[in-house]
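Work through the exercises below with the model open. Each task is followed by a stepwise solution.

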Amino acid sequence: MATTRDLGLVIGVMMAFFMASFVFADPDMLQDVCVAILKPAVAVNGFPCKNNTDISANDFFFAGLVKPGLTNNALGVSVTQANVNQILGLNTLGVSMARIDYAPGGLNPPHTHPRATEIVFVLTGELNVGFVNTDNKLFSKTIKAGEVFVFPRGLLHFQINNGKVPAAVIAGFNSQFAGTQRAADALFASSPMIDNNVLAKTFKIGAKLVEEIKFNLGPKM
C-alpha cells in the first residue's frame, strides 16, 4: 500500500506538472478566427478581433507574393511581407510568410527575427546562406532552387546571391509578426544613436570611422 509520504510525493509531482503546463504551454485558440483590428482604440499585446459579422474571405487573402519585388537598391534585395499587417486573418494563428528577391550580388544583411524561426524555400537561383549560434559558430551552405534552409529563432543570419542571375525565396515564420532587426542598423543607425566611444571600443576602430559608418547607414536628407 502507498504510504502518506508516497501519496504526498505523487501529489507534489502532479501539482508541479500542472502548474508548469500553465507557464510553458502555448494556449489553444478559444475561437475559430480573430481577424485583426490594426488600429484599436486601446493598445494590447497583438491585435483585438473584428466582429465575426464584419469579416470576409478577403481578410484571409493576399496576392502580393506573385510578382518579384524591385531590387534596384543599395543592397540589391527586396522583402515582400505577408504577415498580419497584410493578412488580417493571420492574427493569433502564429504563422506568416515573405517573398525575398535578390539581384545578382544582392545581400539580405545579417539580421535576426526575435519572435520566430524562419524557413526558406528557394524558388529560383542560388544563394549562400548562414546563421551564427551563441558559441559564434557559423553554419553556412549554398542552396539552390527546390532546396530548404532553416534559421533558428533569434540567431543572426544572412543570405547573399553570389550568382550572375536573380534569385528568389519564399520564407515561412512561426509567428504572425516575426520582427526584423538588422545588426548594422541597430548598432550604427539607432535613435538616439549609441555613443561613438561604445562602438569604437567594441569594434576596436577609431571614432572617425564610427562616424563614417553612421553617416553611410543613417537617413539621407
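**Exercise 1. A lysine and its partner**

With which residue does K50 form a salt bridge, and how far apart are the closest N and O atoms? Then classify both residues by burial.

Solution. Note that the model is predicted.
- Step 1. The partner of K50 is D59. The closest N and O atoms are 3.1 Å apart.
- Step 2. K50 has a relative accessible area of 26%, so K50 is partly exposed.
- Step 3. D59 has a relative accessible area of 9%, so D59 is buried. The cut-off for buried is under 20%.

**Exercise 2. The other salt bridges**

Find how many salt bridges the structure holds.

Solution. 
- Step 1. The count is three.
- Step 2. R99 pairs with D101, with the closest N and O atoms 3.0 Å apart.
- Step 3. R99 is buried because its relative accessible area is 9%. D101 is buried at 5%.
- Step 4. K144 pairs with E147, and here the closest N and O atoms are 3.0 Å apart.
- Step 5. K144 is at 44% relative accessibility, so K144 counts as partly exposed. E147 is at 28% and counts as partly exposed.

**Exercise 3. Surroundings of S96**

Is S96 buried or exposed? Identify the backbone atom that lies 2.6 Å from a polar atom of its side chain.

Solution. 
- Step 1. S96 lies in strand 2.
- Step 2. S96 has 6% relative accessibility, so S96 counts as buried.
- Step 3. The backbone atom is the oxygen of S175, 2.6 Å from a polar side-chain atom of S96.
- Step 4. Leave out neighbours within four places in sequence. The contacts of S96 include A82, N83, L90, A171, G172 and F173. S175 and Q176 are among them too.

**Exercise 4. A nonpolar surface patch**

Which residues make the nonpolar surface patch of about 380 Å²?

Solution. 
- Step 1. The members are I119, F121, L123, V148 and V150.
- Step 2. Strand 4 (118–124) and strand 7 (148–151) each supply at least two of the patch residues.
- Step 3. Strand 4 gives the largest share, three residues.
- Step 4. Take I119, which sits in strand 4. At 40% relative accessibility, I119 counts as partly exposed. Patch members need over 30% relative accessible area, so a residue at this value can qualify.

**Exercise 5. A lysine in a helix**

Where is K208 found, and what separates its C-alpha atom from that of N196?

Solution. 
- Step 1. K208 is found in helix 4, residues 207–217.
- Step 2. K208 has a relative accessible area of 66%, so K208 is exposed. The cut-off for exposed is over 50%.
- Step 3. K208 and N196 are twelve residues apart along the chain. Their C-alpha atoms are separated by 8.7 Å.

Conventions:
Residues are numbered from 1 along each chain as its sequence is written. This is a predicted model: local features need pLDDT of at least 70, side-chain atom pairs count only at pLDDT 80 or more; totals for chains, interfaces and linings use all residues. Side-chain values use heavy atoms; hydrogens and water are left out. Helices (H or I, at least four residues) and strands (E, at least two) are DSSP runs, numbered from the N terminus. Buried means under 20% relative accessible area, exposed over 50%, partly exposed in between (1.4 Å probe, protein chains only). A polar contact is a pair of N or O atoms within 3.5 Å; within protein, one must be able to donate a hydrogen and the other to accept it, and residues adjacent in sequence count only if both atoms are side-chain atoms. Contact means heavy atoms within 4.5 Å. A salt bridge is a side-chain nitrogen of Lys or Arg within 4 Å of a carboxyl oxygen of Asp or Glu. Patches are made of residues with over 30% relative accessible area and no salt bridge: like charges are joined within 9 Å, nonpolar side chains (Val, Leu, Ile, Met, Phe, Trp, Tyr) within 5 Å. Accessible areas come from the Shrake-Rupley method with a 1.4 Å probe; for residues, only the protein chains shown count as cover.
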